[in-house]
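Subject: Structure handover

Hi,

Here is the structure you were waiting for. My notes on the core and the salt bridges follow below it.

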Amino acid sequence: MTGLETRSVSRDSLFLLANVRVEQSSEGHRVRVRNLSDGGMMGEGNTPVKRGNRVEVELRNIGKVGGSVAWVQDQRFGIAFDEEIDSQRARKPSDDGAVDPTSLPSTSYAHRAPPTPEPRSLRKV
């Protein structure tokens, strides 16, 4: 592996906690957020996620953000957010929860995980 950074979106390495709720489940899971960018995050925890799962993440100072699980490896997983967030707000101390409407991000489709393939379209190898 080279030292060349190939990502087009900068990430913040940090340690904070977030709640993740997997699609069609009322149970939330507490996870550690290892990397956070405006378009997604890397989480770590004992959370029953699979690639392609729809999730809802609750981040400090941001609130609830929808997304898709892009990858899973052991207890770490990547989530591509449906809409970009201001990742710097999550680093700040907790605020009173007031949201400035002018700071809300616009929809971005650049970070969406691909849809789950139809089982009948897969071939056995």
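A word on terms before the findings: buried means under 20% relative accessible area, exposed means over 50%, and partly exposed lies in between (1.4 Å probe, protein chains only). By that scale, Glu118 is partly exposed at 44%, while Arg120 is exposed at 75%.

This is a predicted model: local features need pLDDT of at least 70, side-chain atom pairs count only at pLDDT 80 or more, and totals for chains, interfaces and linings use all residues. Residues are numbered from 1 along each chain as its sequence is written, and side-chain values use heavy atoms, with hydrogens and water left out.

Salt bridges

The structure holds six salt bridges. The term means a side-chain nitrogen of Lys or Arg within 4 Å of a carboxyl oxygen of Asp or Glu.

- Glu118 and Arg120 meet through their side chains, at 3.7 Å from N to O.
- Glu56 and Arg21 form a salt bridge, with 3.7 Å from N to O. Glu56 sits in strand 4 and Arg21 in strand 1, so this pair ties together parts that are 35 residues apart in sequence. Strands here are DSSP runs (E, at least two residues), numbered from the N terminus. Glu56 is partly exposed at 26% relative accessibility, and Arg21 is partly exposed at 29%.
- Arg34 and Glu44 pair at 2.7 Å, N to O. Arg34 is partly exposed at 27% relative accessibility. Glu44 is buried, with a relative accessible area of 13%.

Arg34 and Glu44 also belong to a salt-bridge network with Arg32 and Arg76.

Nonpolar core

In soluble globular proteins, nonpolar side chains tend to be buried together. A nonpolar core here is a set of buried Ala, Val, Leu, Ile, Met, Phe, Trp, Tyr and Cys residues joined through side-chain atoms within 4.5 Å.

The largest such core has 19 residues. Leu36, Met41, Val55, Val57, Leu59 and Phe81 touch the most other members. Strands 1 (12–22), 2 (28–36), 4 (54–59), 5 (63–73) and 6 (76–81) each supply at least two of its residues. Strand 1 gives the most, with four residues.

What does Val57 touch, not counting residues up to four places away in sequence? Its contacts (heavy atoms within 4.5 Å) are Ala18, Asn19, Val20, Met41, Gly63, Lys64, Val65, Ile79 and Phe81.

Best wishes
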